[in-house]
Amino acid sequence: MEERIILDELEAGELAIEFDHQEPQDVIRWAVERFGNRLAICTSFQADGLVIIDMAWRINPKVRVFTIDTGRLPQETYEMIDRVRAKYGIALEVHVPETRQVEAMVRRHGANLFYREVPLRLLCCQVRKVLPLRRVLSQLDAWITGLRRDQWATRSNIRKIELDHDHGGIVKINPLADWTEEEVWDYIRAFDVPYHPLYDRGYTSIGCAPCTRPIQPGEDPRAGRWWWERGAPKECGMHCAIETGGFEHELEAILGHNGHPHS
Ligand code: SF4
């Protein structure tokens, strides 16, 4: 069994300061060298994630990349999976939710539960995204994301290197933390990086098909996510733990004891 590579708070803090003004490629190079196969890039095929894949692939073409297939993704995202596989020759790791959990959730609440109330939307995000992600990350020592500080208020304090206490204290690396959207698109154009076709149809943030739509002029870039909700976080819980007390008891019912869902 491979030995785990663990950073403590002090080292992570020092590295965050050291890398804060460095280029994303320097951060990625450090991560690839330090964590090797214990590191993987997480992508949902948005522009930022594609920039990360392109940069990392130029550093090490064998870098690991994974995605969570919630089962509700737009067809265009599945096409992106194949485009990325073809262009970079990466054996993309596609992880899906636990069948039994999805079955139990749909049996209790229906297929489109997310439109009814925020706690049910968060429940769906937990079952389809957060729990599969947790399973993947439990096998890693570090993960790379395309998060940027200017995407949403909850992201304004992210560091380029930080400990992920929501996932067992592994290392979370956000090389594009200080990039703007413009810098992302400049890179995509300069290096001919494949990008998601829904951007050309007015989408500025891309997630599951039933929960994402194009934005109107002047709207916030994440306004197209869960657009029917008022006052709820534009987050699914993958990048920040969401505790509302509203969905947890339902989740418990679905997960059941010993992994056997209650009906
Ligand atoms: S974004 Fe929508 S469909 Fe996707 S997991 Fe969350 S609630 Fe479910």
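Predicted model: local features only at pLDDT ≥ 70, side-chain atom pairs only at ≥ 80, totals over all residues.

Visitor: How far apart are their axes?
Guide: The axes of helix 2 and helix 3 are 10 Å apart.

Visitor: And is that crossing left-handed or right-handed?
Guide: Helix 2 and helix 3 make a right-handed crossing.

Visitor: Which residues make the contact?
Guide: Helix 2 brings Pro24, Gln25, Ile28, Arg29 and Val32. From helix 3 come Met55, Ala56 and Ile59.

Visitor: What classes are they?
Guide: In the contact of helix 2 with helix 3, six residues are nonpolar, one is polar and one is charged.

Visitor: OK, other pair. At what angle do helix 5 and helix 6 pack?
Guide: About 165°. Helix 5 is residues 99-109, helix 6 is residues 118-137, and their axes are 10 Å apart.

Visitor: Why are helix 5 and helix 6 called roughly antiparallel?
Guide: It comes down to the angle. Anything over 145 degrees counts as roughly antiparallel. Helix 5 and helix 6 pack at about 165°, and therefore they are roughly antiparallel to each other.

Visitor: Which way do helix 5 and helix 6 cross, left-handed or right-handed?
Guide: Helix 5 and helix 6 cross in a left-handed way.

Visitor: Where do those two meet?
Guide: On helix 5, look at Gln101, Val102, Met105 and His109. On helix 6, they meet Leu120, Leu123, Cys124, Val127, Arg128 and Leu131. The contact of helix 5 with helix 6 has seven nonpolar, two polar and one charged residues.

Visitor: Switching topic: the ligand. How many residues surround it?
Guide: 13 residues surround the ligand. The closest are Cys124, Cys125, Arg128, Cys208 and Cys211.

Visitor: What does the shell around the ligand look like by class?
Guide: Seven of its residues are nonpolar, two are polar and four are charged.

Visitor: Now the backbone. Which phi does aspartate 192 have, positive or negative?
Guide: Positive, at about 55°, and aspartate 192 is not a glycine. Most residues other than glycine have a negative phi. Tryptophan 226 is another non-glycine with a positive phi, about 45°.

Visitor: Where are they?
Guide: Aspartate 192 is in the loop between helix 7 (181-190) and helix 8 (248-255). Tryptophan 226 is in the loop between helix 7 and helix 8 too.

Visitor: Is aspartate 192 buried or exposed?
Guide: Exposed. Aspartate 192 has 9 C-beta neighbours inside 10 Å, and a residue with 12 or fewer counts as exposed.

Visitor: What about tryptophan 226, buried or exposed?
Guide: Buried. Tryptophan 226 has 25 C-beta neighbours inside 10 Å, and 20 or more makes a residue buried.

Visitor: And tryptophan 227, where is that?
Guide: Tryptophan 227 is in the loop between helix 7 and helix 8. With 16 other C-beta atoms within 10 Å, tryptophan 227 is partly exposed.

Visitor: What does histidine 196 touch?
Guide: Leaving out residues up to four places away in sequence, histidine 196 touches Phe45, Gln46, Glu76, Met80 and Ile206. Histidine 196 is buried, with 21 other C-beta atoms within 10 Å. Its place is in the loop between helix 7 and helix 8.

Visitor: How far is histidine 196 from isoleucine 206 in space?
Guide: 8.6 Å, C-alpha to C-alpha, and the two are 10 residues apart in sequence.

Visitor: Last one: where is glutamine 139?
Guide: Glutamine 139 is in the loop between helix 6 and strand 4 (142-144). Glutamine 139 counts as exposed, with 9 C-beta neighbours inside 10 Å.

Conventions
Residues numbered from 1 in each chain as written. Near = placed C-beta within 6 Å. Nonpolar A, V, L, I, M, F, W, Y, C, P; charged D, E, K, R; others polar. Axes fitted to C-alpha atoms, helices over the stretch in contact; angles between N-to-C directions. Helix = DSSP H or I, 4+ residues; strand = E, 2+ residues; numbered from the N terminus. Parallel < 35°, antiparallel > 145°, perpendicular 65-115°, else oblique. Left-handed = near helix turned anticlockwise from the far one by under 90°. Contact = placed C-beta atoms within 7 Å.
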